[in-house]
Amino acid sequence: MISNELQNRILSSIIIIPIAIFFIFQGSTFFAFFLSIFFIACSYEWIKMNKKDILKVIGVFYLFSASYSAYLLREKFSLGIFVLILIICIFTDLGGYIFGKTFKGPKLTKISPKKTYAGAIGSFILSLIAAIIFTKYTNIGALAHANLSLWTGNNLESDNMFFLFILFISTTSQIGDLIISYFKRLAKVKDTGKLFPGHGGVLDRVDGIIFAIPTSYLLFNFLI
């Protein structure tokens, strides 16, 4: 039987995902507008959550950098690469939730009591499966795979670079999740906000993404 929390997550996702997809695929001005709203919402939650002014300033500056990195990554490199990174992050989060709830087991860290080793492994497994399906069975995914091969100067399938890329993004996403969990713990709050039923606030949903995107942008700049 599906829990109320999972039902709320599914219903919220049905609303959130199509809207996000529209603006991401439109790109340019539409995407910039979407990122502006995203930045304002995340900044509001961050400022409300933290008491210290220095944390507020650092957080807002970082969120602006993450938003700008998202725009550059989408526009400068490719839509396929951007979507691939989002898919890895989304299924990292989903894998952690499903495997953690199903298998439970030892806790991963005191920073986030709900995180387990089973969840961390599930994050890698599900993100890997999702990324492979995306790159194998969609045109935009295949193009993203080809671009990665070109930029790294390697055959990603033969030398496991593609696997390492997924592992790297998934790990970065999980670290981002833990970092936001740490600040939520400091602030003594369960969620960063209440905008999305079953999801919490905007920051709760993008905690991994806002670390994976800037890291990916720096990575691609280094590779190219």
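This report describes the helices, the nonpolar core and several individual residues of a predicted model.

## Overall architecture

The protein is built from nine helices and zero strands, and its elements, read along the sequence, follow the pattern α-α-α-α-α-α-α-α-α. Of the 224 residues in the protein, 43% are buried. Among contacts with a separation of 6 or more, 71% are accounted for by residues 24 or more positions apart.

## Helix α4 and its packing against α3

Helix α4, which covers residues 79-103, has 25 residues and reaches 35 Å from its first C-alpha to its last, a span close to the 36 Å expected at 1.5 Å a residue. The helix is followed by Lys 104, whose phi is positive, near 50 degrees.

Helix α3 (residues 53-77) packs with α4 at an angle of about 130 degrees, and the axes of the two helices are 6 Å apart. On the α3 side the contact is made by Ala 70, Leu 73 and Arg 74, while Leu 79, Phe 82 and Ile 85 contribute from α4. Sorted by class, the contact of α3 with α4 has five nonpolar residues, no polar residues and one charged residue.

## The nonpolar core

The largest nonpolar core has 45 residues, of which Ile 85 and Ile 210 touch the most other members. The helix that gives the most to this core is α4, with 10 residues.

Once its neighbours within four places in sequence are left aside, Ile 85 is in contact with Leu 73, Phe 165, Ile 169, Ala 212, Ile 213, Ser 216 and Phe 220.

Which residues touch Thr 135, leaving aside its neighbours within four places in sequence? This residue of helix α5 (residues 117-137) is in contact with Leu 84, Gly 141, Ala 142, His 145 and Phe 162. Thr 135 and Leu 84 are 51 residues apart in sequence, and their C-alpha atoms are 8.1 Å apart in space. Thr 135 counts as buried because its relative accessibility is 7%, with the cut-off for buried set at under 20%.

Lys 184 lies in helix α7 (residues 161-187) and, at 11% relative accessibility, also counts as buried. With its neighbours within four places in sequence left aside, Lys 184 is in contact with Met 49, Val 189, Lys 190, Asp 191, Thr 192 and Asp 204.

Ser 28 is not a glycine, although its phi is positive at about 50 degrees. The residue is placed in helix α2 (residues 28-49), and Ser 28 is partly exposed, with a relative accessible area of 38%.

Lys 188, likewise a residue other than glycine, has a positive phi near 60 degrees. Its place is the loop between α7 and α8 (202-206). Is Lys 188 buried or exposed? With a relative accessible area of 77%, Lys 188 is exposed, because the class of exposed residues begins over 50%.

Terms used: Residues are numbered from 1 along each chain as its sequence is written. This is a predicted model: local features need pLDDT of at least 70, side-chain atom pairs count only at pLDDT 80 or more; totals for chains, interfaces and linings use all residues. Side-chain values use heavy atoms; hydrogens and water are left out. Axes are lines fitted to C-alpha atoms, for helices over the stretch in contact, and angles run from 0 to 180 degrees between N-to-C directions. Helices (H or I, at least four residues) and strands (E, at least two) are DSSP runs, numbered from the N terminus. Contact means heavy atoms within 4.5 Å. Ala, Val, Leu, Ile, Met, Phe, Trp, Tyr, Cys and Pro count as nonpolar, Asp, Glu, Lys and Arg as charged, and the others, Gly among them, as polar. A nonpolar core is a set of buried Ala, Val, Leu, Ile, Met, Phe, Trp, Tyr and Cys residues joined through side-chain atoms within 4.5 Å. Buried means under 20% relative accessible area, exposed over 50%, partly exposed in between (1.4 Å probe, protein chains only). The expected span of a helix is 1.5 Å times one less than its number of residues.
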